[in-house]
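Trainee: I would like to learn how to read the packing of helices in a model. Could we take it one feature at a time?

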Amino acid sequence: MVRAAQRARGAARTSVWLEGKARRSGRGGGQPSGLDRERITEAAVRLLDAEGLSRFSMRRLAAGLNVTAMSVYWYVDTKDDLLELALDAAFGELRLPTEDAGADWREQVRGLAAGYRALLVRHPWLSPLVGTFLNIGPNSLAFSGAVHRIIRRTGLPGHRLPGAIAAVFQFVYGYGTVEGHFVARCAGAGMAPDDYFRHAMSAATRAPDAAEVLRESAHMMAARGGETVGGMLDRDFAFALDLLVAGIEAMVARD
């Protein structure tokens, strides 16, 4: 295969979206009927959600589909290809704003940011893959296009737009990644987020070097309000996003 030849030469990996090969479907070469790339990708997303990226394998995926691993390789050349397909399928869950030139860009930024955060929390395996692949699948490109359209309408000059996009959506990426890992840790411990948080804070305050810092953190959390971990996370996210929107407005006024 082309991909195998590239690996043999030590060539850098590109993207499944640049292969230019027709999708294999249907029953061919003894492959099981009813299996196609879309069904395999959906199963990959479910397996990643259930067991995480570290435990994902083509053999486990094939077992869940009740086929052999070689049957899966009929439709995708490599595990990386399948992970890239799963990444783009997850981006397809985002609800993108309409191309309404009269819409308030601030509300569209908030809506898209909230959706991206929720996606990262819902699929904790997503964030490392975002940094691994080129993100040029159709759903990823649709998301990027929506981001660009909204930020262009802020009034910032062209040379400021990349920085504004980075400020907002790299913040969301980081926030959603940390939150997603926290939720996954809670699930792994078999504890609700509020119970896990109280347990973690109680354990950490027993460390002499951490106690003073955590006491100050406790004061800040009390001042902020929010009786649950979810409430605190939502409140902090909304305020941080307001700061970024206000910063964009201030830069537009200054320029």
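Trainee: How are H5 and H8 oriented to each other?

Mentor: Two packed helices are described by the angle between their axes and the distance between the axes. In this predicted model, the axes of helix H5 (residues 79-91) and helix H8 (residues 138-152) cross at roughly 45 degrees and come within 7 Å. Angles under 35 degrees count as roughly parallel and 65 to 115 as roughly perpendicular, and H5 and H8 are therefore oblique to each other. The crossing of H5 and H8 is left-handed.

Trainee: Which residues make the contact between H5 and H8?

Mentor: From H5 come Asp88, Ala89 and Phe91, and from H8 come Pro138, Asn139, Ser140 and Phe143. By type, the residues of this H5 and H8 contact are four nonpolar, two polar and one charged.

Trainee: What does the pair H6 and H8 show when the angle and the distance are read in that way?

Mentor: The axes of H6 and H8 come within 9 Å, with a crossing of roughly 155 degrees. An angle over 145 counts as roughly antiparallel, so H6 is roughly antiparallel to H8. The crossing of H6 with H8 is left-handed.

Trainee: Which residues of H6 and H8 meet?

Mentor: On H6 they are Trp105, Gln108, Val109, Leu112 and Tyr116, and on H8 they are Phe143, Ala146, Val147, Ile150 and Ile151. The residues of the contact of H6 with H8 divide into nine nonpolar, one polar and no charged. Phe143 of H8 is listed in this contact and also in the contact with H5.

Trainee: How many residues does the largest nonpolar core have, and which of them have the most contacts inside it?

Mentor: The largest nonpolar core has 54 residues, and Leu61, Val72 and Leu82 are those with the most contacts inside it. At least two residues of this core come from each of helix H2 (37-51), helix H3 (58-65), H5, helix H6 (105-122), helix H7 (126-130), H8, helix H9 (161-189) and helix H12 (229-254). Another core, of six residues, lies apart from it, and includes Phe182, Tyr196, Val229 and Met232.

Trainee: What does Leu82 touch, leaving out residues up to four places away in sequence?

Mentor: Leu82 touches Ile40, Thr41, Ala44, Phe56, Met58, Leu61 and Val76. One of these, Leu61, is itself among the residues with the most contacts inside the largest core.

Trainee: Last, the whole chain. How many helices and strands are there in the protein?

Mentor: The protein has 12 helices and zero strands. Of its 255 residues, 35% count as buried. Among contacts between residues at least 6 apart in sequence, 72% join residues at least 24 apart.

Notes. Residues numbered from 1 in each chain as written. Predicted model: local features only at pLDDT ≥ 70, side-chain atom pairs only at ≥ 80, totals over all residues. Heavy atoms only, no water. Axes fitted to C-alpha atoms, helices over the stretch in contact; angles between N-to-C directions. Helix = DSSP H or I, 4+ residues; strand = E, 2+ residues; numbered from the N terminus. Left-handed = near helix turned anticlockwise from the far one by under 90°. Contact = heavy atoms within 4.5 Å. Nonpolar A, V, L, I, M, F, W, Y, C, P; charged D, E, K, R; others polar. Core = buried A, V, L, I, M, F, W, Y, C linked by side-chain atoms within 4.5 Å. Buried < 20%, exposed > 50% of the residue type's maximum accessible area, 1.4 Å probe, protein only.
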